[in-house]
Every structure is written in structure tokens, then in C-alpha cells.
Amino acid sequence: MIAVLAPVAGVALGSAIGDVNQCRETVAVNIAAAPDIAPVLTEHATDWSTRSRPTQGTCVTVTVSAVDSAHMAVAYAEAGGIDIDVGDIDTEPVAVPDVWIPESLLWPARLGGDMNGQLSDRMDPVAASPLGFGVQHNQSNTAFEGITIQDAPVALKDPRTDVASLALLLTARQHEVDIDTAPDGVPPMSAASVTAHNRTTDDDPLTFVSPQPSPPSFEYPYIAWSYQSGALQRGVEAFRSSLLTNGFTDRLTEYNLQIAGPYPSMPNSEAVMDIVDNWSD
């Protein structure tokens, strides 16, 4: 009896493997990402969508769009029935994606964390980049070596739209120091945004300088909706998992990004909102 059944079992197993490796359905995952991480995500998504095997018979294609996070936050707030103050900027209407990868957890913190349960509480970071200052090459870089956040002349931007400035203000509050603001000072920037800036201009290249105490790094959280199911959820989770592989992480250094640390904590929403509410130009 064993001799008779063995070939049949082999055929059944081969059929199951064939089903797994074939596309029974195709799903498109749309991702909106902060401009400084969007290029590396696009590179990875193009390769991964071409080479990845089906997930439970589902083939996945991923499209990445670079979207300013303030504009994206307004779209999420409108979709979730939440108010968010982004000052006087003219926000462009943008479609709400399947996944949002902003620079920082400060953005979902401003949306109430999980947007009243509408966002997944799993917001794994996919990359990291230290925060500091973007110093012009024609300035004396040695003058900024080892500088503290209270000693540097800082050109703060509106923290309602610029999370680098918001993070710097939160750090100053935590350490009970004041920031010396100056219109012609150094702007708060991440290392990745300095690199992105230098890729687009030859006229005024910047150097990244890390101050003391160091502001928290950008985390680039992977934010999905809580109600996704079926093929879309499989696609969203499959691409999330791919961002842990060497195919993605090996590309990060080219963009001045780092491998993310695990389990970031959500910023203190009360402190964040207090700074945002009391900001004055």
C-alpha cells in the first residue's frame, strides 16, 4: 500500500508547491513616503516586485510616491475626522495611500497615535537618520564641532510643518535649555535630508553636524490602516517584511540612512501639542 500511495502524495505535494509559486491574484500597494526616503524605497520596490515570489498565491506590486509629510498628515486628518494645525502652508490635496512612511513618529503622534483605532498600532521603523544641523560649506565647520543646541544660532522652521524643528524644540524642553534663534542660523535637518539636499543642488551644499544633546533620530515608521484584510493586507505585510532584508538595508547608506532600531516609543503627545499650540512665528 505504501508503494501505491507514495506517487500520489508526491503529485499532491507538487501541485501545492505549484499553487504557492503562481499568481492566483495580484494586488497593488500604494505607498506615500517622506521625500528623503522615497528614492531608496522606490529602488527596492522595483526590484522586489519583480523578483518576489507570491505570498499565499498573491503577487504584489508596489508604487512609492514622494509626498511632503505635512500634506499627507492633512489628508489623514481629513480621512479620520481629526483636526491638525499645519499653519499657513497651502496644502496640496493628495490621495490617502495604503501605507504611509513619514520621517518621524511625531506625525502619528499629532494624529492621536493610532487615529482613534483607524491606524494599525504596529508602526515598525524601516530606517533611521540622526538629527542635527545643515551647515553650509562656506561656514567654519570647526566652529560647530561639539556645539550644543543652546549655543548654535538656529533658523527654526514652523514646527507645525517641520518635524526636525519640532524635535529640536522637544529636546530643548526635555533638557531645560533655550534655543538661540536667528533667521540666518543653521537649519535643523536630518543627515538624510542633508544628503537629499546635496543631490539636488551644487550651489549651496551642506554638511551635517550633530549637536549635544542629540535630538532623537528620525524613525521612518511604516504606517498601515487597521482595517486592511485579504490580499491587500498580505501585500502590505509582505513588503514590510522585505524592508528587513539585505536587499533594502544594503541600500540605506547611499542615502545617509541607517538600519532602524526596534520598538520605538510614541512621542509624548501632550508635550508635542503644547509646543505646536504655543508656536508663534
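## Terms and model

Buried means under 20% relative accessible area, exposed means over 50%, and partly exposed lies in between (1.4 Å probe, protein chains only). The accessible areas come from the Shrake-Rupley method with a 1.4 Å probe, and for residues only the protein chains shown count as cover.

This is a predicted model, in which local features need pLDDT of at least 70, side-chain atom pairs count only at pLDDT 80 or more, and totals for chains, interfaces and linings use all residues. Residues are numbered from 1 along each chain as its sequence is written, and side-chain values use heavy atoms, with hydrogens and water left out.

## The whole protein

The protein has nine helices and nine strands. These are DSSP runs (helices: H or I, at least four residues; strands: E, at least two), numbered from the N terminus. Of its 281 residues, 47% count as buried. The protein exposes about 14,100 Å², and carbon and sulfur atoms supply 50% of that area.

Contact means heavy atoms within 4.5 Å. Take the contacts between residues at least 6 apart in sequence: 83% of them join residues at least 24 apart.

## A buried valine

V29 sits in strand β1 (residues 25-33). Its relative accessible area is 0%, so V29 is buried. Leaving aside neighbours within four places in sequence, V29 has contacts that include V60, V62, D98, L232 and V236. D98 is 69 residues away from V29 in sequence, yet their C-alpha atoms are 6.2 Å apart.

Two asparagines have a positive phi. N116 has phi near 55°, a positive value in a residue other than glycine. It lies in the loop between α4 (106-110) and β4 (131-136). N116 counts as exposed because its relative accessible area is 66%.

N256 has phi near 60°, again positive in a residue other than glycine. Its loop runs between α8 (246-249) and α9 (269-277). N256 is at 34% relative accessibility, so it counts as partly exposed.

Now a cis bond. Q212 and P213 are joined by a cis peptide bond, with omega about -10°. P213 is in the loop between β8 (206-209) and β9 (223-224).

## A negative patch

D68, D88, D90 and E92 form a negative surface patch. Patch residues have over 30% relative accessible area and no salt bridge; like charges are joined within 9 Å, and nonpolar side chains (Val, Leu, Ile, Met, Phe, Trp, Tyr) within 5 Å. A salt bridge is a side-chain nitrogen of Lys or Arg within 4 Å of a carboxyl oxygen of Asp or Glu.

D68 lies in the loop between β2 (58-66) and α3 (69-80). With a relative accessible area of 39%, D68 is partly exposed.

Note on methods
Lys, Arg positive; Asp, Glu negative; His and termini not counted. Charge placed at Lys NZ, Arg CZ, Asp CG, Glu CD.
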